[in-house]
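Trainee: I would like to learn how to read the interfaces in a model. Where do we begin?

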Amino acid sequence: MTTQNAPASFYRTTEGLGVWPHKGKVAAVGIGHSPTARRWDGTPENTMGANSILALRRAIEDAGVSPDQIDGLVIDPVTTTGAHWDAGDPIPMDVVNYYNPTDDPLDGIAKLSCEWLLKNMPELTNVKFTMYGTGCMSHAIVVAAQAVGDGLTNTCLVLKSWHNLEGRYNQAGVSAAEDVSGSYAIGPGRTIWGPPGCFGTALQFAEYCRKYGKSHDMMAPFMANSRRNGLLFPEGYWAQHRPEQLTAEDYLAARWIAKPASLFDNDIPVMVSAAYLFATAERAKDMKQKPVYILNHASSRGTARSLTPTLDEIQAETGSTGRKIFEGAGITADDLSFENMYDGFALFHQFHIEGLGYRGMKFGDALDFYQTDISIEGPNPVLPSGGNIGSGRSRFWMHTDCIQQLQGRAGARSVTGVKPEIAVSGGPMPMGGNFTVWSASPD
Amino acid sequence: MVKQGVIPDDLTKPFWEAANEERLVIQNCTACNRLQHPPVATCRQCGSGDNLEWKGMSGRAKIYNYTVVYDTPIRMLQDNQPFNLAVVMLDEDPGIQMYSHLPGTPVDEVPVGASVEVIFEATANGQKVPEWRVAG
């Protein structure tokens, strides 16, 4: 039987659901990361599948469990950063056959199934539950947390992997076509008008700046802070390959992609995998690392009325998301030690944290807040992971950071201006994402 | 600025046929009396596909917002960068948005809130597409 997507019932998408019934009963323990790379080098040793296996094995080892204790596996099967494997492109059968393949030769190269992983990790002899949380790590975490809470698995691996190939982001396929379908031409995606990926966020940011009297240059402290935190993240792309601090001058001089979104407002696509080991709180307490308890997960499923969300729609959704996050965890914004909301695109991080009401913030306040001390040493840390801007497009640095901070092993990136007790992470989009509340204690 | 050619599909064929006749039509649910765009197979409010029609629009709108595109993924547009990419909202229902390159408006000199009128431009394969020009 092939692995299925999680049913909609796994996601807590509405307000009014009360405290999550499994609050404090599910914990993250182990963490495993692969190295990062800008793109796949074509070798069988460095495929996305290889990275996945490495990350999973590291998470198991980090948690101090034996592989036969693992009984669950939740992953995101979609691994593309925007790189296309066009129909007709030759498939490297030497790479395919280097592993134990499934029926799909691109499995483990440009997509990923639980079946491929189990074929290539023979030590996982006891996995009886598999499920997909499709979208990004934020989805997979929610699915795994719910599955462990529901008793479908008690020691579960959670994985997100990314592949990146030669060629520029989203420039092949339909972008290079002479003719396109009528639905695509007037749809909400790239369309024949040519919006880049950051177009929608740029629009919303432009409206935000007009409404509140803000400007793009006010993002500079946030960007420098994110890169600084990223350079303190040894698992990250910039720390591993290009340890360059981003200055305000660099940021303000960057070329536009879709003004007011510049190059650095976009995250850099990379190859990388990360895995976590989740367990029931009961099992977690005997493992090698300190358990980090999940107090709640919440999801947003906002829809725009037409082509692109307006600022009003964004703010209605992020406000609702904040209320769902706190309601299910039984906490308030005042309980947050720090936030690790998503940032890839940088220009929407403020929507997330204003929706939370982080540090008493109201709509329109965030860019002024960025001009204050938002460092990991201060009392109001913003995105201590550095996020995608600090470490490349993985959509999971913020989760890893929450777990590491609350375990007391974030190293040089440790928050020191606050005691790390409760944190929130998640994303991706302000109109649609999945969010998790982490805690050093179960209640 | 010539856009990619368009091949109408079943869902959008009436929109494109109207465009070739230089008429702007938008999907409307007669049960909900509610416009929706982009078109989909069912009403996004009541969920029914039985009451959808294509309703003629006046062709008047306001510029809601815009960006200036310097790095489009669409190959056919890359020689024309930078270009305006605006979102207009129809006068009949400001909740309904359409994209526009705002032909005739200088790059980054977009009058947000200004009135615009629909025009029709030929794409690469001759199919006409609605575009918008600042009125008056």
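**Reading two interfaces**

Mentor: Begin with one pair of residues: Ser181(A) stands opposite Ile7(B), which belongs to β1(B). Keep in mind that this is a predicted model.

Trainee: In which sense do β5(A) and β1 of chain B pair?

Mentor: They pair in the parallel sense, over three bridges, with β1 of chain B covering residues 5-7.

Trainee: How should I read the size of an interface, and what is the area buried between chain A and chain B?

Mentor: Interface size is often expressed as the accessible area that is lost when the parts come together. Between chain A and chain B about 3900 Å² is buried, and carbon and sulfur atoms give 54% of that. The contact involves 47 residues from chain A and 52 residues from chain B.

Trainee: How many salt bridges and polar contacts are there between chain A and chain B?

Mentor: The rule finds three salt bridges across this interface. One of them joins Asp93(B) to Arg305(A), with the closest N and O atoms 2.6 Å apart.

Trainee: Which elements of chain A supply at least two residues each to the side that touches chain B?

Mentor: These are β5 (179-181), α5 (182-185), α6 (199-212) and β6 (256-259) of chain A. The most comes from α6(A), with seven residues. By class, this side of chain A has 24 nonpolar, 14 polar and nine charged residues.

Trainee: Which three residues supply 42% of the area that domain 1 of chain B buries against domain 2 of chain B?

Mentor: Glu22(B), Leu24(B) and Leu35(B), and that is more than any other three residues supply. Glu22(B) also meets Lys128(B) in a salt bridge, at 2.8 Å from N to O. The count between the two domains of chain B is one salt bridge, and four residue pairs are in polar contact there.

Terms used. Residues are numbered from 1 along each chain as its sequence is written. Chains are lettered from A and ligands numbered from 1 in the order in which they are written. This is a predicted model: local features need pLDDT of at least 70, side-chain atom pairs count only at pLDDT 80 or more; totals for chains, interfaces and linings use all residues. Side-chain values use heavy atoms; hydrogens and water are left out. Contact means heavy atoms within 4.5 Å. Buried area is the accessible area (1.4 Å probe) that two parts lose on being put together, summed over both. A salt bridge is a side-chain nitrogen of Lys or Arg within 4 Å of a carboxyl oxygen of Asp or Glu. Helices (H or I, at least four residues) and strands (E, at least two) are DSSP runs, numbered from the N terminus. Ala, Val, Leu, Ile, Met, Phe, Trp, Tyr, Cys and Pro count as nonpolar, Asp, Glu, Lys and Arg as charged, and the others, Gly among them, as polar. Two strands pair if DSSP finds at least two bridges between them. A polar contact is a pair of N or O atoms within 3.5 Å; within protein, one must be able to donate a hydrogen and the other to accept it, and residues adjacent in sequence count only if both atoms are side-chain atoms.
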